[in-house]
Amino acid sequence: MGKGKRSIRAVMFDLGNVLICFDHMIAARRIEKYSDKNASQIYELFFSSPLTERFDKGLIDEGSFFKGIKELLSLNGLSRHKFYKIWNSIFWKNPGIKELIKGIKENYEKFLIISNVNRPHFEYIRHKFPIISEADDVILS
């Protein structure tokens, strides 16, 4: 069947842990040396915090987010630049995804990416993982 004869015209994929893998504990373990809290405490405080939720929804900017995280985790000696570098280090390429996307693009009209990822993470992913540019559209919350 050609592209025009399929009843399914678009295929959507979530970004996180589908197209691109991630593990928040990577960042928690790296941040640990700048805090009086251990990696498990950092994970619990940081990744499920109302502060992170507000940031992910775009309700606060990067500076306010870093300031809040610095206070929340009692961070010392960690610059904003270094923090975002650590925070973005949680991602890696999902093996085999390039071939899957190639097949999708050959058989369907549209390949879409959806995600609730925040802006710093998306910008990092977009530059680090060129597979993102294969999408016909990216829908972010």
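The side chain of Asn118 comes to 3.0 Å from the backbone nitrogen of His121. This is a predicted model, so please read what follows as a tour of computed features.

**Asn118**
- Asn118 sits in the loop that links strand E4 (110-115) to helix H7 (119-128).
- With a relative accessible area of 3%, Asn118 counts as buried because the cut-off for that is under 20%.
- Beyond its neighbours within four places in sequence, Asn118 is in contact with Phe55, Asp56 and Trp87.
- Phe55 is 63 residues from Asn118 in sequence, yet their C-alpha atoms are 7.1 Å apart in space.

**Helix H4**
- Phe65, Phe66, Gly68 and Ile69 are the buried residues to look for in H4 (residues 62-72).
- These residues lie on the same side of H4, because they cover an arc of only 165° around the axis.
- Helix H2 (39-47), helix H3 (50-56) and helix H5 (80-88) are among the elements that cover the buried residues of H4.
- On the face turned away from the buried side, H4 carries the exposed residues Lys67 and Glu71.
- At the start of H4, a side-chain oxygen of Asp61 is within 3.3 Å of the backbone nitrogen of Gly63.
- Just after H4, Ser74 has a positive phi of about 50°.

**H1 against H5**
- Helix H1 (residues 24-31) packs with H5 at an angle of about 145°, and their axes are 8 Å apart.
- From H1, Ala27, Arg30 and Ile31 meet Phe83, Ile86 and Trp87 of H5.
- By class, this contact has five nonpolar residues, one charged residue and no polar ones.

Conventions. Residues are numbered from 1 along each chain as its sequence is written. This is a predicted model: local features need pLDDT of at least 70, side-chain atom pairs count only at pLDDT 80 or more; totals for chains, interfaces and linings use all residues. Side-chain values use heavy atoms; hydrogens and water are left out. Buried means under 20% relative accessible area, exposed over 50%, partly exposed in between (1.4 Å probe, protein chains only). Helices (H or I, at least four residues) and strands (E, at least two) are DSSP runs, numbered from the N terminus. The arc is that of the directions from the helix axis to the C-beta atoms. Contact means heavy atoms within 4.5 Å. A polar contact is a pair of N or O atoms within 3.5 Å; within protein, one must be able to donate a hydrogen and the other to accept it, and residues adjacent in sequence count only if both atoms are side-chain atoms. Axes are lines fitted to C-alpha atoms, for helices over the stretch in contact, and angles run from 0 to 180 degrees between N-to-C directions. Ala, Val, Leu, Ile, Met, Phe, Trp, Tyr, Cys and Pro count as nonpolar, Asp, Glu, Lys and Arg as charged, and the others, Gly among them, as polar.
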